[in-house]
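Here are some exercises to work through with the model open beside you. Try each task yourself before reading its solution.

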Amino acid sequence: MRKIIAGIALIGSIVLTACGPLESAPATPETWTPPPTATPVPTAIPTPTRPALTTYTVQRGTIERSVELQGRVAAVGERELFFAVDGVVKAVYVTPDTEITKGQVLAELEAGELEDRLAQAKQQYALAQQQLDRALGETRFPLRRAEIDLEVARTALAQLLAPPDATKIAAARAALQQAEAARDRARNDASAVKTRAELALQQAQKRLIAAQAEFSAALYAAEQDKTDNRAQERLARAGDALRAAEEEVARLQIEYDTARNNEIAAVQAAEAQVMLAQAALDELLKGPDPLKVAEARRAVAVAELAVEQARSNIRVDPQLERAVEEAKQGVDDIQRQLEALKLVAGFDGRILAVNVAPGSVVRAGEPAFIALDPSVASDALEVLVTSSSAPLVAGQPVSISFARYPGATYQGTVTGVPGGGSNGAAALSGYHIAYEPADLQLETGDTATVTVVLARREGALWLPPKAIRADSRSYVLVQRGDRPERVDIETGLTTQDRVEIISGLNEGDVVIGQ
């Protein structure tokens, strides 16, 4: 109801407003006719304009990824020496213009607690080794005894199999010759004695025969005339001569028999010596007895088995061995750390600059000294890139631009890289690069920019990075009719403005950018 009343009031208000004040209204009121209702005109809604899509065409070309390194021009013989570890400088032993020799300690860092740790590590290592040696000694006694038995058996076999000693053979031959000579002398000497005895016996026998004949004749004469004194005297003399002849024959017979027996004995003894000498020589020449060799080989085999058994019986606690290894490794590690605290010259030369002082803090790889190698021409120059982690290798080609020659690019080759020792003694702290042409008018200290090509693809398909999308893998959107279509791709080398397309697209394909 209130809405109706409000509507009537609103209409009345409109009417009053249209007629103006009551004083000016005509005297005769006119019939009111409502104004015609106006037909609403629809407002035109503009058709939204579709934004233009950014598209990219797959092209074929060269993709190259490179990096720029800052360097400076330096003498070829200039060497920047550095510590291998961070630390505080304990002492510096050289000054600029000091002549140095290879192996000379130039400076060293504070050891801190390393020396105490080294002493403790050595003590632990000695204790662990003693415990291991004690355990090994208890278990290796049977093994050592078996090894000695094996050595004895092998020595005996070697002696049997050894060729005869030439000196012993010569001595045996000489002994045989001496025995044969002694035998011959025995034969000759005994034979001569026997012969003389035989001759003496034969002569005595002849005299005995003559005496017997004289005695027979004297006996006959005496028996014919027993009163004949002269015949009796003759018989007496003949009897005496016969007895003397018989005694002489008996004596000489004994001497002859003795000489003959002595000859036999002497010759037999000499022959025995010859046989002994010949046997000794034959023993040397015939080689070892096969039975003895077989027995010696068996003894060696038995001794080897005993050694293997004794070795297999050795049982050492693995923890003891591991403790020794760990203790020794600890000593070695600390000793290497102590060695790394020393900066040692790796060549003969001269110190150009000293960049450290006692008490200063140094970082590994930072040039502590600059030295000159006099074996290199002092007027030869090169580019030095003071970096220890640049992607360069010896022999690698690079491009170089010099601040002294803006806009020009020159070719260079890496001739030296960092490394070559446990510390900076024989190593360079940066990369040394030779450039062409070598006669450029440069001075030491001139700045240079070295461009290194890290990767390069010739004739590769590519798109700009803005054309590539990614979720779980890389893909692009290709317009197919009235809607875009996803196409998965495989990418390769990527640079700031190009991405290599390995598969999924062809040259000339058009993709929608992001």
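**Exercise 1. In what order do the four strands of the open sheet that includes S7 and S9 stand, and which strands are at its edges?**

Step 1. The order is S7-S6-S4-S9, and the pairing is antiparallel. Strands here are DSSP runs of E with at least two residues, helices are runs of H or I with at least four, and both are numbered from the N terminus. Two strands pair if DSSP finds at least two bridges between them.

Step 2. Strand S7 (342–344) and strand S9 (361–362) each have a single partner strand, so one side of each has no neighbour in the sheet. These two are the edge strands.

Step 3. Look at one pairing: strand S6 (residues 105–109) meets S7 in the antiparallel sense over three bridges. Ala107 stands opposite Leu343 in S7.

A note on what you are viewing: this is a predicted model, in which local features need pLDDT of at least 70 and side-chain atom pairs count only at pLDDT 80 or more, while totals for chains, interfaces and linings use all residues. Residues are numbered from 1 along each chain as its sequence is written, and side-chain values use heavy atoms, with hydrogens and water left out.

**Exercise 2. Describe strand S3: which strand does S3 pair with, and which way do its residues point?**

Step 1. An open sheet of four strands runs in the order S3-S10-S8-S5, with antiparallel pairing. S3 and strand S5 (99–100) stand at the edges with a single partner strand each, so one side of each is left without a neighbour in the sheet.

Step 2. Find the partner. S3 (residues 78–82) pairs with strand S10 (residues 367–372) in the antiparallel sense over five bridges. The bridge partner of Leu81 in S10 is Phe369.

Step 3. Sort the side chains. In a regular strand the side chains alternate between the two faces of the sheet. Glu78, Glu80 and Phe82 point one way from S3, while Arg79 and Leu81 point the other way.

Step 4. Check the burial. Five of the five residues of S3 are buried (buried means under 20% relative accessible area, exposed over 50%, partly exposed in between, with a 1.4 Å probe and protein chains only).

**Exercise 3. How many aromatic pairs does a search of the whole structure find, and how is the pair of Phe402 and Tyr410 classed?**

Step 1. The search finds three aromatic pairs. Rings of Phe, Tyr and Trp (its six-membered ring) pair if their centres lie within 6.5 Å; planes under 30 degrees apart count as stacked, over 60 as edge-to-face and the rest as tilted.

Step 2. The ring centres of Phe402 and Tyr410 are 5.8 Å apart and the planes stand at 50°, so this pair is tilted.

Step 3. Tyr405 and Tyr410 make an edge-to-face pair, with 6.1 Å from centre to centre and 75° between the planes.

Step 4. Now compare accessibility. Phe402 counts as buried at 2%, Tyr410 counts as buried at 15%, and Tyr405 is partly exposed at 23%.

**Exercise 4. Where is Tyr410 found, and which residues does Tyr410 touch?**

Step 1. Tyr410 is found in strand S13 (residues 410–416).

Step 2. Not counting residues up to four places away in sequence, Tyr410 touches Val398, Ser399, Ile400, Phe402, Tyr405, Glu436, Pro437 and Leu440 (contact means heavy atoms within 4.5 Å).

Step 3. Take one of these, Val398: 12 residues separate Val398 and Tyr410 along the chain, and their C-alpha atoms are 8.6 Å apart.

**Exercise 5. Where does helix H2 bend, and what covers its buried residues?**

Step 1. H2 bends by about 50° at Arg140, and Pro142 follows within four residues (the bend is the angle between axes fitted to the seven residues ending there and the seven starting there).

Step 2. The buried residues of H2 include Leu132, Ala135, Leu136 and Leu143. Their cover includes helix H5 (290–312) and helix H6 (318–340).
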